[in-house]
Amino acid sequence: MQNQSLNRWYLAYTKPKQESVALVNLEQQGFEAYLPLFKKFKKTEQGPVALFEPMFPRYILFRPSRLEQSISAVRSTKGVTTIVRFGFEPALLSEDVVQRIRQMEQLRDQATIEELNQLKVGQKVRLKHTALGAIEGLVHNVSSKRVAVLLEILGRPTVVQVDHHQVEASV
């Protein structure tokens, strides 16, 4: 099983919300482990605060740090449920794929709340709610929780506050 070179990464499936536990325990066993994190913002009374959550919930990447190190111990590692497999073969990721994930993670880590928000002031959007008949409007303001959309209702311009998931970019 351990005939792969050290530039390949394996994938472990973790117990729910135990990615960090698995990370610590894999590292303590001498594995190189990587938990890609996803930056998002949470609104608080003091304003938006950056939070980091697993990019791929319940998955962690790992590889042996020495050629003779067996991956079989990973199955009984605290926080890990199993090693991801395709049939009898463990799933493998190339170093190139892992480097692209790291680059994506770094770009997102450096981004501001405005850069992460896909909606921009002045952008044409459509309300998704079917009762509103897919009404279109313009983004008036964007916060971490809500989007203010300028709509024309009964011939008058009206600003409506909606959640991000309730609007989509209009073509």
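1. R126 counts as partly exposed because its relative accessibility is 22%. The term covers values between buried (under 20% relative accessible area) and exposed (over 50%), with a 1.4 Å probe and protein chains only. R126 sits in strand β10 (residues 124-127). Strands are DSSP runs of E, at least two residues long, numbered from the N terminus. In sequence, R126 and E136 are 10 residues apart; in space, they are 4.2 Å apart, C-alpha to C-alpha.

2. This is a predicted model: local features need pLDDT of at least 70 and side-chain atom pairs pLDDT 80 or more, while totals for chains, interfaces and linings use all residues. Residues are numbered from 1 along each chain, and side-chain values use heavy atoms, without hydrogens or water.

3. Look at strand β1 (residues 8-14) next. Five of its seven residues are buried, so β1 is largely enclosed by the rest of the structure.

4. What does β1 pair with? Pairing requires at least two bridges found by DSSP between two strands. Strand β5 (residues 59-63) is antiparallel to β1, with four bridges. Y13 stands opposite Y59 there. Strand β6 (residues 80-83) is also antiparallel to β1, over three bridges. Here Y13 stands opposite T82. Strand β9 (residues 92-94) runs antiparallel to β1 too, joined by three bridges. Its L92 is the bridge partner of Y10.

5. L150 belongs to strand β12 (residues 146-153). L150 is partly exposed because its relative accessibility is 34%.
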